[in-house]
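I opened my notebook to look up a few contacts in this structure.

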Amino acid sequence: MAVDLFAGKRALVTGASRGIGRSTALALAEAGVDVALAARGADELRQVATEIAALGRKAFTIQCDVTDGAQVQQMVDSAREQLGGLDILVNNAGSAQSAKFLGHPDELWQRMLATNLTSVYYATKAAAPAMVAQQWGRIITIASVAGKVGSRYTAAYTASKHGVLGLMKAVALELATSGVTVNSVCPGYVDTPMTDAAVANIVARTGMSEADARANLASSSPQRRLVTPEEVARVVVCLAAEGSGGITGQAINVDGGSFMG
Ligand code: NDP
């Protein structure tokens with residue numbers, strides 16, 4: 001008889017309205033998980049909820065700006081209430097904007113850290129106590145290979161992603177005996193609206209064609225292609241499964257082999 005790795009499991013995915021978050025929410029739902037979907041924009045969230053409902057799973061939408069600690073607490077409380085509990089938290093919401101370091105805007109620094117790092121601190125702090133109390137939980141953060149290596153013009157984004165990997169490792173150790181695992185996934189360039197924006201930025205800055213700009217990003221991978229959001233979602237589903245309780249404190253690259261460490 002097949003083992004059900006997700007029986008009765010309930011997940012909250014931030015940034016679930018498009019890109020990696022949407023694919024992750026759909027992949028979890030396909031695996032049998034009921035899902036709360038969070039982001040700022042309501043319309044895109046509703047579309048994803050409709051797709052999940054078509055798979056026969058429950059889906060709830062929660063509007064939340066993850067940079068606001070009070071809203072994040074409300075998001076987690078609301079997810080728990082609507083789903084009847086919370087077993088899996090996917091910290092995916094994020095933003096990537098670049099600027100030269102000389103003359104770097106302080107506002108951009110604050111915004112990148114608030115969106116990509118402090119948001120994860122808020123959500124993990126809000127979700128962890130009940131997971132510890134039930135002696136089972138999965139906290140999975142979509143970081144980036146930018147959490148492991150530096151690249152030009154991305155000081156704030158790179159710092160936020162290095163920070164979030166450190167946060168997840170420290171929390172993993174504190175929760176190690178509680179039945180709650182804490183891991184990160186580190187994608188390279190993924191074919192999402194975020195990468196579309198990066199391509200548009202390259203086109204505007206360099207005058208390159210869109211196809212060349214996209215090929216340029218893809219060429220940073222030994223596989224010479226962008227990662228798909230579904231490929232990232234598969235790794236999240238694997239980490240979230242019942243049988244993955246021995247994996248904690250890890251940061252798993254999904255980058256076509258561009259960084260091996
Ligand atoms: P997208 O830009 O395609 O989607 C971002 C999602 O996050 C949207 O649902 C957006 O919804 C939400 N979001 C953004 N800011 C906030 C906020 N302040 N509060 C709540 N929700 C927010 O991004 P991707 O899918 O590409 O990226 C997802 C994650 O993966 C990010 O953490 C990113 O850093 C990481 N990543 C992406 C890579 C890539 O190449 N695309 C590579 C490596 C890592 P809304 O705007 O409605 O709030």
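Which ring does the charged end of Lys-9 sit over? I looked, and the ring belongs to Trp-136, with the charged end 4.3 Å from its centre. I noted the rule: NZ of Lys or CZ of Arg must be within 6 Å of the ring centre and within 35 degrees of the ring normal. Arg-138 also lies over the face of Trp-136, at 4.1 Å from the ring centre.

I wrote down the ground rules next. This is a predicted model, where local features need pLDDT of at least 70, side-chain atom pairs count only at pLDDT 80 or more, and totals for chains, interfaces and linings use all residues. Residues are numbered from 1 along each chain as its sequence is written, and side-chain values use heavy atoms, with hydrogens and water left out.

**Aromatic pairs.** The ring centres of Tyr-121 and Tyr-122 are 5.8 Å apart and the planes stand at 45°, so the pair is tilted. Planes under 30 degrees apart would count as stacked, and over 60 as edge-to-face.

**Domains.** I found the chain divided into domain 1 (10-188 + 229-250) and domain 2 (191-226). These bounds come from an automatic or database domain assignment. The C-alpha centres of the two domains lie 25 Å apart. I then checked contacts, meaning heavy atoms within 4.5 Å. Here 10 residues of domain 1 touch six residues of domain 2.

**Salt bridge.** I counted one salt bridge between domain 1 and domain 2 (a side-chain nitrogen of Lys or Arg within 4 Å of a carboxyl oxygen of Asp or Glu). Arg-225 forms a salt bridge with Glu-231, and their closest N and O atoms are 2.8 Å apart.

Methods: Phe/Tyr/Trp six-rings, centres within 6.5 Å; stacked < 30°, edge-to-face > 60°.
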